[in-house]
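Biologist: I'd like to learn how to read a model like this one. Could you take me through it step by step?

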Amino acid sequence: ARVSLWGGRFDGGPADALAELSRSTHFDWRLAAYDIAGSRAHSRVLHAAGLLDETELEGMLAALDRLEADVRSGAFAPQPGDEDVHTALERGLIERAGDRLGGKLRAGRSRNDQIATLTRMYLRDAARHLTGRVLDVVDALLEQAAAHPGAVMPGRTHLQHAQPVLLAHHLMAHAWPLLRDVQRWRDWDARAAVSPYGSGALAGSSLGLDPDAVAADLGFATAAENSIDGTAARDVVAEFAFVCAMAGVDLSRLSEDVILWATKEFGFVRLDDAFSTGSSIMPQKKNPDVAELARGKAGRLVGDLTGLLATLKGLPLAYNRDLQEDKEPVFDAVDTLDVLLPAVSGMVATLSFDTTRMAELAPQGFSLATDVAEWLVRQGVPFRVAHEVAGACVRRCEEQGKELWDLTDGELAEISEHLTPAVREVLTVEGSVASRDGRGGTAPARVAEQLERARALARDL
Ligand code: ARG
């Protein structure tokens, strides 16, 4: 028989179709441990307010302990008649504590403030877990950077050769956004550390319960300032989903580089056998499936965020049942990142780079033309003129099918009087990268400092 929370004014139970639609235990059961923690804290404030005597409090906490053990062992599980995690656990509590005591716990709380609180507790733990996994990807990137201190590669804009850069510089350009994602979760936690417990259905409680005591008991910094906001707000959930989506997008951009680098045409990396797949028909194939799944799952994470925002848009205050739809998107985001992150960190850690090929390609496509222009500027030539002169060098080389360093002293002088043979000092990849020595530049000394700062940040986060 269906146990209903609202028997009083109803003649019968809900229609089967409504019960089917309404039921959420298949996804909110993962909140069971948080629900029980909330119930313990709630028992204590009921006791503090004189609504449970000492014996009742002890009986309640003992019953909650038994319930928790049974949930953990699987001896207690939701039944088809249980609408949600709260309903199921109230049934479990009453089965263990009896009707009289078990029925007292619901005083002064509502599923509306409960669910808002439990979701925050779950997401705060998830954020702590996911930041650890993101930092594993960062570590893998930083280790690869450290392992290739001098390796150069073609830096690109518009996917065209632009200027040579250090491989370590490029790898760390993927590490910094991931470090910011970790910082985003940390910043987010300050807003998530506010407990809605005590907001009741929407208006707060008349029973003299102390929301701050519950908040402290459950590891929150403080209780909600506004009970309507406490029960109706989901911006904290959406912001969490945004950080997941952003991390997904950052992993996807890294993965797209890996996919390109692993092509025959690039030939920059070899994927480890353990992190690539073969083909059932083409024996020669080695596919970058981890990177492709990362790219694909980024779309799914973006969908989780946009679906949630669409659910929230236009909802009047305070609680509406639509809000039950907030959980599956964020649970999916957590689960998706949880399987994705270890695979990406494994893939990155085991990449082997063909640094010879990267070095060969680094100066091609006239990627040192900017160096010529900037060298001229250092000789006192206005940049507008320097840009023209360097462009003329490129045109001359294109006509003759050769590279910048193939221009003879005579040809250089013919193009411009300013182009003395000394310009050759920047016509090497090493000279080019070494010259970009301002903070944040790709000069080896700067990149080494950058690596130290990235490591220090990763360690402190
Ligand atoms: N299961 C609901 C949710 O996830 C919480 C229950 C509130 N339901 C209600 N009818 N007031 O949002």
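Biologist: Which residues are around the ligand?

Modeller: We call a residue near a molecule if its C-beta atom, placed from the backbone, lies within 6 Å of it. Here those are S24, D28, D84, R111, N112, I115, Y319, R321, L323 and Q324. Mind that this is a predicted model: local features need pLDDT of at least 70, side-chain atom pairs count only at pLDDT 80 or more, and totals for chains, interfaces and linings use all residues. Numbering starts from 1 along each chain as its sequence is written.

Biologist: Which helix gives the most to that shell?

Modeller: Helices are DSSP runs (H or I, at least four residues), numbered from the N terminus. Helix α6 (residues 111-147) gives the most, with three residues. Domain 1 (14-107) and domain 2 (112-215 + 225-360) each supply at least three residues; such bounds come from an automatic or database domain assignment.

Biologist: What about α15: how far apart are its end C-alpha atoms?

Modeller: The expected span of a helix is 1.5 Å times one less than its number of residues. The 18 residues of α15 (residues 383-400) should span 26 Å, and its end C-alpha atoms are 26 Å apart, which agrees.

Biologist: And which of its residues are buried?

Modeller: Count other C-beta atoms, placed from the backbone, within 10 Å of a residue's own: 20 or more is buried, 12 or fewer exposed, in between partly exposed. In α15, A386, V389, A390 and C393 are buried. They sit on the same side of α15 because they cover an arc of only 95° around the axis, going by directions from the helix axis to the C-beta atoms. The face turned away from that buried side carries exposed R384, R395, E398 and E399.

Notes:
Helices (H or I, at least four residues) and strands (E, at least two) are DSSP runs, numbered from the N terminus.
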